[in-house]
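Dear colleague,

I am passing on to you the structure we spoke about, and I would be glad if you could look through it before reading the notes that follow below it.

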Amino acid sequence: MRHRPLIPALFCLIGGILVGHTLIPHGPYPSLAVSILFGLLLILSLLVAPSYRFAFFFLLFFLAGITMDLARHGRSELMDLAAERPRVKLEATLLEPVTILEGRARFVVRVDRLTYQEKGIEKGERIRVTVYEHGQEFPVGEKLLFHARLGPFLNFNNPGRYDHQLAMDVRGLSCAASVSDGRQIVPMGKGDLGFPLEALEEVRRPVRRFFAENLSQRNKAIFEALVLGERQSMTRELRETFSISGLSHVLAVSGLHIAVVAWLCYTVLKKILSFSSAIILRADIRKISALLTCFPVVAYTALTGFQVSAERAMVMGLCFLFSLVIGREKEVWSTLALAALLVLALDPHAVFSVSAQLSFLAVAGILTLAPPIYSRLALSPEMQVISSRALNRLYLYVAGLFAATVAATVFLLPVTTYYFHRVPLITIPANIALVPVLGLFILCLGLSASFILFISPVAARFLLNLGAWVLDRLMETLQFWTRFDWAAIWGITPRFYEILLFYGLLFFLFFSRRFAWAKVGLAAALSISGLDAAYWYHRNTANENLRVTYLDVGQGSAALVEFPGRERMLIDGGGSARDEFDMGEMVVAPFLFYMKIRRIDYIVLSHPETDHMEGLRFIASHFRPKEFWYNGEKPEVPGFRDLMRIVEDKKIKALTQGELKEEREIGGVRVAVLHPPGDGHAAAWTKALRPNDKSLVLKISHRGGSFLFPGDLESTGEEAVSLREGSRLKSDVLLAPHHGSRGSCTRAFLENVSPRICIISSRGGNPFGFPHSETLGRLQQAGCRTLRTDQLGAIQVTAGPDGLQVKGYLE
């Protein structure tokens, strides 16, 4: 510890940031108190005996982490204003290229002036703007004038969620803004990006135009990502191809890109300097080469516009180059710790950044696991004698690449599965075969063409076309590999303690041959892993109670029913009007993976509308359901056609209300479809109903309670089902029809249901005003306990021998 103090200091700093972020209230008084305590300890550390100063040193780093995090939570006026969702007038400067998808546009701006209630406020905060119709492109640096509605970034608050609010905070964005019509945005000429971004944009703009004029749309998107660090042109299909292959990391300028640039420049400079005997005699050309390599590393980062991930990679690269300059290149762990400390000093919330975590953990994995893997692949002396020198070098290169790839893949496995829920099975061959091509050829040709563009456009075009040809061949190979279903598998999501357990296993395994305590630790870690596996197996296969989880899917509905035993049903899947956001893949499936659920036996669609239907497509495609229940309506909309195509392709049995009129029993639980009627006159009778009033109504009953799922019934549908079913509707838990709209939860309907608990699934601040105040009033008059997913997140209700147990995710 005393020989490498930066490593424990880093862990203390990270611990302080985590404590400051999660346990200490944010505000001026806690910050002042921690700062005073830091100052007192600093003075005290100078007065105590030298033997105790080491402990004070680490404690100071811990307090520094708390102080840095509290300072990072400075008050944002825009964030406070966005909570009120006001409509404002904005003068802003465009900071990034516009992303356009099917008429919608999204971009990031710096707010220069905001006008609200006839007051002008000078601001400098960054916000993300979404234009819902007639989106159009504007050049980076353009000054824009438009009216928009501000709103906060919101999470889908379910177990296993992706923290969207924190991700936006890490990006430095204060809030979101929405514009209904892009034609209302007025360009006002060139704005001021400030130094050095203004100067850098003068270089980036012609490079961006050069790519657009000479490349296909696909190749343009990839070259922009590799060279400029801009991924706005990447389509969903293109991202998916790289994700399946485990090559997503190459699309964000990170440690790999900086390492390639640094290695190439260092190798070339060292070779050039070696031609001068005078320099060799007077200086260490390795140190001179490392020092000179810093300049192209900074230049490449500048070309990316000093994007956050590129800045972190630059810091890491410069630290390793600096270690070469001072002759401490063997202290790789201390160098890595120094880089992490500098990154956290620049932004303490980098500890929450997925890209930062993956970059540093990948390097740590290579440093830890690659040497023992490589040593087992090394050629014996006899083989080296028999083989030629060229073959030896080629083998050692491939072996080194294989060792590094396996080491990084294994070390990152729990973290990548946690964030992406997917295990690419072809990642090792893809990284070994394609990453060198991407790094050594495509990236280098793209960078060379970008710099030569300002000297000789003809030569630049030749290099770019050569890079594009290589990229075409690479993409052909990649698309061939990723077309197989086994190329990547969806996996269960580890809990945080399971991630720590994985690294504990690696740690103890690494030292188990040398130390007895490591063998004891390894046995303990394996025992805990076995107990953990047994717990989840019992929970998901030997459950004795009925559990219903009402998921937070925003302005929509989705509920998971876990029957006693191992069978499960998903009633609706939520949905979004945005095609690029798959509610099933991004919200519902992560919850299921987090709960270690890999199969849904029954999927139920109450009625084919976007906010109930869209999320079911991913579930039907990847969770092997055996039955699909729906109300028989077949609207001619793309979402429903896609869902039915998946049902047919996967050979899922489709059942309508006519085939579901008999009560089912699943795991000892009674499941009844109460509406629409399944008898002969149903077709004629339901023609007069609106689509919402044709919703499939399910009642699920067990010894500990009963649950009613009425879809989007409104007053007419409620009246119809009440007249026909009457007291049969009586249930302990009611999912509020139509998200608590004004026309739902009529008094007659509530009298028949007589619920003890009512769950309302809706998004806070939605434009429809759900749940309506009159509906909330009727529920209160009925003596019903009302719970809302926009306030509590996912709500789990368990029916067992002791009655109903209710738990909200945010409680």
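Apart from its neighbours within four places in sequence, Gln136 is in contact with Val98, Ile100, Ala105, Gly182, Arg183 and Ile185. Please keep in mind throughout that this is a predicted model. Gln136 belongs to the loop that runs between β5 (126-131) and β6 (142-151), and with a relative accessible area of 33% this residue is partly exposed.

Turning to the aromatic residues, a search of the whole structure finds 30 aromatic pairs. One of them joins Phe54 and Phe58 in an edge-to-face arrangement, with 4.9 Å from centre to centre and 75° between the planes. These two residues are separated by about one helical turn, because they are four residues apart in helix α3 (residues 50-72), and both Phe54 and Phe58 are buried. Phe58 also forms an edge-to-face pair with Phe57, at 5.2 Å centre to centre and with 65° between the planes. Elsewhere, ring pairs link Phe507, Phe508, Phe510, Phe511, Phe515 and Trp517 into a cluster.

Rings also take part in contacts with charged side chains: the charged end of Lys596 sits over the ring of Trp536, 4.5 Å from its centre, and the charged end of Arg763 sits over the ring of Phe156, 4.5 Å from the centre of that ring.

Finally, there is an open sheet of eight strands with mixed pairing, in the order β16-β15-β14-β13-β12-β11-β24-β25. Its edge strands, each of which pairs on one side only, are β16 (653-655) and β25 (803-808), and neighbouring strands of the sheet are turned against each other by 15° on average, direction ignored. Within the sheet, β13 (residues 568-573) pairs with β14 (residues 602-604) in the parallel sense over three bridges, and Leu570 stands opposite Ile603 in β14. Helix α21 (residues 583-594) lies across β11 (546-550), β12 (558-562) and β13, and runs at about 150° to β13.

With kind regards

Notes. Residues numbered from 1 in each chain as written. Predicted model: local features only at pLDDT ≥ 70, side-chain atom pairs only at ≥ 80, totals over all residues. Heavy atoms only, no water. Buried < 20%, exposed > 50% of the residue type's maximum accessible area, 1.4 Å probe, protein only. Contact = heavy atoms within 4.5 Å. Phe/Tyr/Trp six-rings, centres within 6.5 Å; stacked < 30°, edge-to-face > 60°. Lys NZ or Arg CZ within 6 Å of the ring centre and 35° of its normal. Pairing = 2+ DSSP bridges. Axes fitted to C-alpha atoms, helices over the stretch in contact; angles between N-to-C directions.
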